[in-house]
Amino acid sequence: MSARTAEPEGNDSYGHKEFKRSKSHFADRITADGRDGWPVEAGRYRLVVSRACPWAGRALVARRLLGLESALSLAVTDPLQDDRSWRFTLDPDDRDPVLGIRFLSEAYEARESGYPGGVSVPAIVDVPSGKLVTNDFQQITLDLATEWTALHREGAPDLYPEPLRDEIDTVMEGIYRDVNNGVYRAGFAPEQSVYDAACRDVFHRLELTSERLAGRRYLVGDTITEADIRLFSTLVRFDAVYHGHFKCNRWKLTEDPVLWAYARDLFQTPGFGDTIDFDHIKRHYYQVHSGINPTRIVPLGPDLTGWLTPHHREHLGGRPFGDGTPPGPVPAGEEVPAP
């Protein structure tokens, strides 16, 4: 009787099967009218993120730009989650001080006992009940922009302007499929043909996007929109992890003059770079994805000083915040340590 090799499990399974992003299981929405049973309410909900995660990074940027810090509290997980889920080991006693839980999975379990799926960030948790409300990463930021308007800061930008929504949606669809999700399809590919197809998609879309941005400062219209937030979340991680760890190495971000200048422009805009923790990003990808990096060694590079060099995109015009204003300083306790 021949022995069967056990399939890798947990973090060791990365890179052993073709990557398919699961649809968000908990898709309730927090809305102004509370139609799903979750009305917008200052102080009621807690946003749980990992600063390593690009999907959570979107929510961090939107929350900052819209000035929702005092209305929607923030929990930051350890970038090194284990097989039990994202954990709050950065907090005293290894517990989130507001929710009182050690693992984000506890909020999932409170919502649906015996929930068998993955535990993902960003997640919004109802503080009074301790139950997860939503992990719908595609919808969370759109709702922050359109449903939470009564709690926006004075001067908050319109990140999803109604006249431009069709164009924004079209641009975001291609970026999501080929870039945001494409780097994962390449990085977790279990065989050459899957990797080849995904990597080609990534760079084809990046080349098209570079052409689009050559003569315009932002992706849609003349102000920052949700589309820019979504592209930035991948670009800012590109050279640090996707180029090497995910083998998306046809060229580096720094080798495309347009995309590199665009990314620096956003990084230096209040609300973007001040949410980025390169230490969390690098340690998460290189140490958690043990299936594709079994040594768990974290590289020393790349040099990060270039992010603060002049980008010269101002000559393209554009108004970063439209008729609004930049967000204020990062709230106390939410600052990212200098690298």
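How many cavities of 30 Å³ or more does the count come to? In this predicted model, in which local features need pLDDT of at least 70, side-chain atom pairs count only at pLDDT 80 or more, and totals for chains, interfaces and linings use all residues, the count comes to two. Residues are numbered from 1 along each chain as its sequence is written, and side-chain values use heavy atoms, with hydrogens and water left out.

A cavity is here a set of points, on a 1 Å grid over the protein atoms alone, where a 1.4 Å probe fits but cannot get out, whereas a pocket is an open set with protein on both sides within 12 Å along at least five of seven lines; in either case a lining residue has an atom within 4 Å of a point. Grid points are joined across faces, edges and corners, and a volume is the space filled by probe spheres set on the points.

The largest cavity holds about 70 Å³ of space, and its lining includes Asp28, Arg29, Ile30, Ile124, Thr134 and Trp148. Helix 3 (residues 137-146) gives the most to this lining, with four residues, where helices (H or I, at least four residues) and strands (E, at least two) are DSSP runs numbered from the N terminus. By class, the lining of the largest cavity has five nonpolar, two polar and four charged residues; Ala, Val, Leu, Ile, Met, Phe, Trp, Tyr, Cys and Pro count as nonpolar, Asp, Glu, Lys and Arg as charged, and the others, Gly among them, as polar.

The second largest cavity, with a volume of about 50 Å³, is lined by Arg51, Leu60, Arg63, Arg64, Leu74, Asp274, Thr275, Val330 and Glu334, and its lining comprises three nonpolar, one polar and five charged residues. Helix 1 provides the largest share of this lining, three residues. Helix 1 (residues 54-66) also belongs, together with strand 1 and strand 2, to a right-handed β-α-β unit, right-handed meaning that, with the strands pointing away from the viewer, the path from the first strand over the helix to the second runs clockwise. Strand 1 (residues 45-49) and strand 2 (residues 73-76) run parallel and are joined by four bridges, pairing being assigned if DSSP finds at least two bridges between two strands; Val49 stands opposite Val76 in strand 2.

Among the open sets, the second largest pocket has a volume of about 410 Å³ and is lined by 20 residues, of which Ile276, Phe278, Pro337, Ala338 and Pro339 lie nearest its centre. Helix 9 (residues 278-288) gives the most to this lining, with five residues, and the lining divides into 12 nonpolar, two polar and six charged residues.
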